[in-house]
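Subject: Structure handover

Hello,

Please find the structure below.

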Amino acid sequence: MSTSAAHAHPGSGHAHGHGHDHGHPAPGFWSHYVFSTDHKTIGIQYGLTALVFLFLGFCLMLVMRWQLAYPGQPIPVIGGWLPKSIADAGILLPEGYNAFGAMHGTIMVFLAIVPLGVGAFGNYILPLMIGAQDMAFPRLNMASYWSFLPGCVVMFASFFLPGGPAQSGWTSYPPLSNIATSGQTWWLLGMVFLITSSLLGSVNFIVTTIHMRAPGLTMFRLPFFVWAQLVTSFLLLLAFPPLEAAAVLQLMDRVAGTSFFMPEGLIISTKLLTESAGVFQGYSGGGSPLLWQHLFWFLAHPEVYVLILPAMGIVSEVIASNTRKPLWGYKSLVFSVIFLGFMSFVVWAHHMYMTGMGQAISIFFQATTMIISGPSVVILTALLISLWGASIRYTVPMLFATAFLPMFAIGGLTGLPLGLTASDIHLHDTYYVIGHFHYVVAPGTIFAVFAGIYHWYPKVTGRMMNQFLGKAHFWLSFLFINGVFMPMFWSGMAGALRRQYDPLMQLHAETVQGLGVMTSWSAWLLGLTQLLFILNFFWSLKAGAPAGENPWHATTLEWATEYTPPRHGNFAAVPTVHRGPYEYSVPGHAADFVPQHEHA
Amino acid sequence: MHFANQADAAKHKRTYLMVFGALAVLTVITVAVAKVHLAMPLAVTVAMVVALTKGSLVASVFMHLSTERKALFSVLILCVFFFAVLMTLPVLTTHESVGLVTQKYQPMHGPSHGAAEGGHSDGAAGHSESSSGAAAGKGDGR
Amino acid sequence: MSATIELPHDVTPHPITGMYNGKFGVWLFLASEVMLFGALFSTYVLLRVGNPEWKHGWDLGLNIPLATLNTMILITSSVTVVMAWYSLQINKFDTARLYLWATVALALGFMVVKYFEYTAKFSHGITPKSNLFFAIYFTMTGLHGLHVLGGVVVFLYLVGPGSRMWLTHPEKYTNRIECTGLYWHFVDLVWIFLFPSLYLL
């Protein structure tokens, strides 16, 4: 779908980026595909690794859902394959349930969603969107991926330890996590790698966004995707280090016998811990389990905004391009996302309402938590209003992006009773919480990720994905994902507790066990549905329709690369930007879009 | 940051050496003051003031912050703000109030206590300030 | 792979930030390091406030004179690194090289003093496990020490094989010294706060 009439070829003069013309020897396999410093290759590396772990993390939950729907029953087919630390005679063990639960959370957050949203989409698209030839620090970028991958390997390898992987939740609360099996130590080491990777990446993103923009691309002409990535990078930069510190402290507790998080007089299974063997013998005590919670949530709250902000960025781009009109309220979007990023640092203790904090500080965190819902609403509203009066093209990415809006709304609204201390007393640690955050991340962020994949696949591969398979994937996923998470609000309100191996442990949970079965079946069907996506993804690589350089007729710079898929150097010449990012349906123009770099 | 000429360069060199001297003096001061064993709040204040002075000298002169632009300052101010949040808020969670209470907490008394106890409510309201620190410190997880 | 591309603002400062890429990058990295050490300082505050029987630094048998010496060593090394950068600015590479070696020597001196401090503790049976104070003491000074070692590694590279860059790209080399210097001053800054917090209060 060539758009040569509207797409004026940028600039003149001798260009950088014609790597193949300069007489340099072509890079070998290893430096081209493995140890590449090119942001596009690194983006793809992140993307593929993250998709593998997204699938793995999902499978962990599918196994857990069997135990939750049919407690005590052997898992069909694969039950016998699970290691001794996880299942016995095909029946999931409590330790195995806890292990899968902890690793599901960890993998989804740190090995799948963030690497997809930031590592994959951020790395690949951001330099293209700002008209740059690469990131500011290409080798640092490579180091970031090669710090990520060992972290993934360590996490994955921990499944095969005799004691199993980490089992104390993705939140790793001590003292439980301090006395857990060796898998927890591996988890901590894996986290150090992953955090390092994020820190290196965030430095790169910020410097690149501020310093490497094409001429004419002022900050307020940046696509919202770039703003979202910029704020996300600040969150990663400033919020991750306390968790790295906390991980070091927990490692010290577990390996050196310190008592940072260990209170005095701890009794495990009727015995005083100080009298046990091993590293805890004679430990000094006096530590604070709450200290871990503070340090953990100081990161983990901004982390959830790291999960959602790139998604908002992706959805914004897809909506703009498929509504053929500018995004409504660009400035309010930008100021909201900046304010959101700032506020995200001062709300963390709303995860700790039940720890007996003083009233004054509880009220403080409740207030900031209520305030932070404001900018989210502004962003959602701006995106919703952007649909008003538009000629909407219901392409597959647009389906996912449109669905994101009400799904994120449900997720956000259900957060309010959790952010208010009074109602949180009842809802804390119930399935309501699980429903809330999954709505934001699963039909929220993951749908946005799918939207992004369907939207940018033509740019990355030069081919279109199959529309029919894509639509089927969307509708079935939409149906089943609501089937998974909607019942959880009712289960939670009835008092069904989360992180419980036996769903029938409390009598009152029996009343909502049927909902749990519905969730499980929806989850398994959702899993089957993803096969459509996987099939589409690989089939289209070879057999998808050729895309041309700008199949969606979009305005932003990533569609103006010299080649599709883009090659090293990206652009024939550094583009000059003459206008804002969403000049769609501009009166007086023949085409219904005016690319950013096109001459006036 | 290139130097305009010889004199400008020499001036910078002098500044670096003067700051070195100041840092040395401040180090001596902070160690000397510590020997006096002041009360904790005062000792902490003095120590932090001296450390901040030393730190500011290192940051503004050695790290050239005094010649940098606003853009960098905004990033650093943000960082300093979040650092302050990280330093103060966790400790504040161990306090029932932060000095804004207008009415002392009065636990509800059952009917049998009311008349006999009269106006004495202190004993039951022992949750505030100083004791909560110790309770948190014993790490009973509250 | 990256040889075919010339990235803007590698050396030339950007009009908005007034810095070249590397310098902005290092400052951002330092901001994250502030948060890292800040978390440890916050840990120290929380644990100390919660433990009223916490002893003062001078009552715990810490070697204050040795630590004061270490403070002076680090401050001096900050001066030598600034003088190294200054010498490069006025084109005196050999002087700069001397100052860089001085910085490395001082840094290693710091680590030697640290080694004596630690071994003295261990020989008295004092380990991170002994009590909360020593847990935080060893963790914070240990992490700081690792940062010192990291700085030493980078300086050794820059004064050794990396110094070839002075011949081909002198401004870029000067910038690298500046960036490493910024990191080094930060390491000094942390110690400026760590020393009174652990030893004097």
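A:Arg567 puts its charged end over the ring of A:Tyr563, 4.0 Å from the ring centre. Chain A has another contact of this kind: the charged end of A:Lys331 sits over the ring of A:Phe220, at 5.5 Å from its centre. Bear in mind that this is a predicted model.

Next, the surface of chain A. A nonpolar patch there is formed by A:Phe55, A:Leu525, A:Leu528, A:Leu531, A:Ile534, A:Phe538 and A:Leu541. Together they have about 630 Å² of accessible area. Helix α14 of chain A, residues 513–543, gives the largest share of the patch, with 6 residues. A:Leu541 lies in that helix, α14. The relative accessible area of A:Leu541 is 37%. A:Leu541 therefore counts as partly exposed, because that class runs between the 20% limit for buried and the 50% limit for exposed.

Now the aromatic rings. Over all chains, the whole structure holds 77 aromatic pairs. One of them joins C:Phe134 and C:Phe138, with 6.2 Å centre to centre and 40° between the planes. The pair is tilted, because 40° falls in neither the stacked class, under 30 degrees, nor the edge-to-face class, over 60. Both residues belong to helix α4 of chain C, residues 132–159. They are 4 residues apart, about one turn of the helix.

The limit for buried is under 20%.

The pair is also part of a cluster linked by ring pairs. Its members are C:Tyr44, C:Trp54, C:Phe110, C:Tyr118, C:Phe122, C:Phe133, C:Phe134, C:Tyr137, C:Phe138, C:Trp191, C:Phe195 and C:Tyr199.

Last, chain C as a whole:

- Secondary structure: 6 helices and 0 strands. From the N terminus the order is α-α-α-α-α-α.
- Extent: the C-alpha trace spans about 60 × 35 × 30 Å along its principal axes.
- Burial: 62% of the 201 residues count as buried.
- Contacts: take those between residues at least 6 apart in sequence, and 74% join residues at least 24 apart.
- Surface: chain C exposes about 7,200 Å², with carbon and sulfur atoms supplying 68% of it.

Best regards

Technical notes:
Residues numbered from 1 in each chain as written. Chains lettered and ligands numbered in written order. Predicted model: local features only at pLDDT ≥ 70, side-chain atom pairs only at ≥ 80, totals over all residues. Heavy atoms only, no water. Patch = residues over 30% accessible without salt bridge, like charges linked within 9 Å, V, L, I, M, F, W, Y side chains within 5 Å. Areas by Shrake-Rupley, 256 points an atom, 1.4 Å probe, with all protein chains shown as cover. Salt bridge = Lys/Arg side-chain N within 4 Å of Asp/Glu carboxyl O. Helix = DSSP H or I, 4+ residues; strand = E, 2+ residues; numbered from the N terminus. Buried < 20%, exposed > 50% of the residue type's maximum accessible area, 1.4 Å probe, protein only. Phe/Tyr/Trp six-rings, centres within 6.5 Å; stacked < 30°, edge-to-face > 60°. Lys NZ or Arg CZ within 6 Å of the ring centre and 35° of its normal. Contact = heavy atoms within 4.5 Å.
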